[in-house]
Amino acid sequence: MLRPVFVLAVICLVASTLLGIVNQITIAPIAEAQQQLKTQALGDIFPFAVENVTTAKTGGATYYEVRSGAGELKGIGIETFTEQGYSGRIDILLALSPEGKIFDYKVLSTKETPGLGIKIADGEYRKQFHGKGLSDGFAWKVKKDGGDVDAVTAATISSRAIADAIHRGLERYKDRYGATSPSPAKGAVKGVDAVTAATASSFSTPNSADQGKAAARKLQFLG
Amino acid sequence: MHPYQEFTKGIVKENPVLRLLLGFCPTLAVTTTAVNGLGMGAATTFVLLGSNIVISLLARYIPDKVRIPCYIVVIATFVTIVDLLIQAFSQELNKNLGIFIPLIVVNCIILGRAEAFANRNRLIPAILDGLGMGLGFTLALMVLASIRELLGNGTIFSIPILTGTLPPIIVFILPPGAFLTLGVMIAAVVYFEKKKGA
């Protein structure tokens, strides 16, 4: 009578124990891989080597401030998104100069049509945005809608979406750094809620941090 | 049946995709590039092998009434392990296969083999069946994905082949291309099997 219940319970117990163990083993590599993706993404979109990065979260937005060795602000990475993609949400990482001009962007996650809408992530397409900002009369709409953004052929919806995502990123820049007078000096930034020190340190010295993590993982195995 | 045949039957004669017509969801969805087809095939084969082994060992202890929930727990465990490993060690694959890895749980090939084969066979045949079916699934996916990638993007495994000679026919990497290509593949396999049998 109770045998089915007992058997199922035992199988579930064994399964969950096993998953617990696998989770323990993979949790560090997964976190590391995600961290690395971020660092790599930042390195890809700035025209200079990214070493010293501080992360700040303000009003739901995440900002990465890239500084030179001397602490001078060289660029700002902003996570932004749009819900208006052809297949839903598109997340991008926008790289701006301290003056709010676009260096480049990287599409972090998207479900746009392969071979078609996905071209919004191509280097050739991204070029048109280089050096553009909010304040120089560039209209953040596709040409079909009376703006200045070139659309990907046969993918107007995706092109509208990317324009929306970039525009949102530029708005986020304005929210934090002001429209006209950016303040590259440290400490002059308004509205800092949280600066995550842990992220900052692992960003600034990726190698030593990785080694530390690897060592920690080894200890876990031994202990 | 000869043990050798337990392995080979999954490749063409009882190919899970092309003959048994199982597991179409991942087959149609992930086969935009050959790499994705290979990744999905490998992940599914791992799960299939694991669940076949465990279920053939446990079958006689599992009461009939709760066998389906038991099988699903076993399968889901293997799928979660694969998912975590891919996330940890291959970001590229994780990005491309994403949501389809957890969905291996509901791939009817796996539950189908558990119900139709593993629970009434001993360990060795169950292993051979799992490997054969997994290989058949992987091959079907890779052929389908290679055709779609070649015609839709001019490449196979990202190696340019048709680039420059034939403009890419984008429809092949869109969902309709998956249905068209799969239909032709199934027709071809059925035709040759019939011919062989006649």
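**View 1. How α4(B) passes α6(B).** Helix α4(B) goes by α6(B) in a right-handed crossing (the near helix is turned clockwise from the far one by less than a right angle). This is a predicted model, where local features need pLDDT of at least 70, side-chain atom pairs count only at pLDDT 80 or more, and totals for chains, interfaces and linings use all residues. Residues are numbered from 1 along each chain as its sequence is written, chains are lettered from A, and side-chain values use heavy atoms, with hydrogens and water left out. The axes of α4 (residues 67–89) and α6 (residues 108–116) of chain B come within 11 Å and cross at roughly 130° (lines fitted to C-alpha atoms over the stretch in contact, angles running from 0 to 180 degrees between N-to-C directions).

**View 2. Who touches whom between α4(B) and α6(B).** On the α4(B) side, B:Arg67, B:Ile68, B:Tyr71, B:Ile72 and B:Ile75 meet B:Ile110, B:Leu111, B:Ala114 and B:Glu115 of α6(B) (heavy atoms within 4.5 Å). By class, that's seven nonpolar, two charged and no polar residues (Tyr, Ile, Leu and Ala count as nonpolar, Arg and Glu as charged).

**View 3. A salt bridge in chain A.** A:Arg176 pairs up with A:Glu65 in a salt bridge, the closest N and O atoms sitting 2.6 Å apart (the cut-off is a side-chain nitrogen of Lys or Arg within 4 Å of a carboxyl oxygen of Asp or Glu). The two are 111 residues apart, with A:Arg176 in helix α3 (residues 156–177) and A:Glu65 in strand β2 (residues 61–67) of chain A (DSSP runs: H or I, at least four residues, for helices; E, at least two, for strands).
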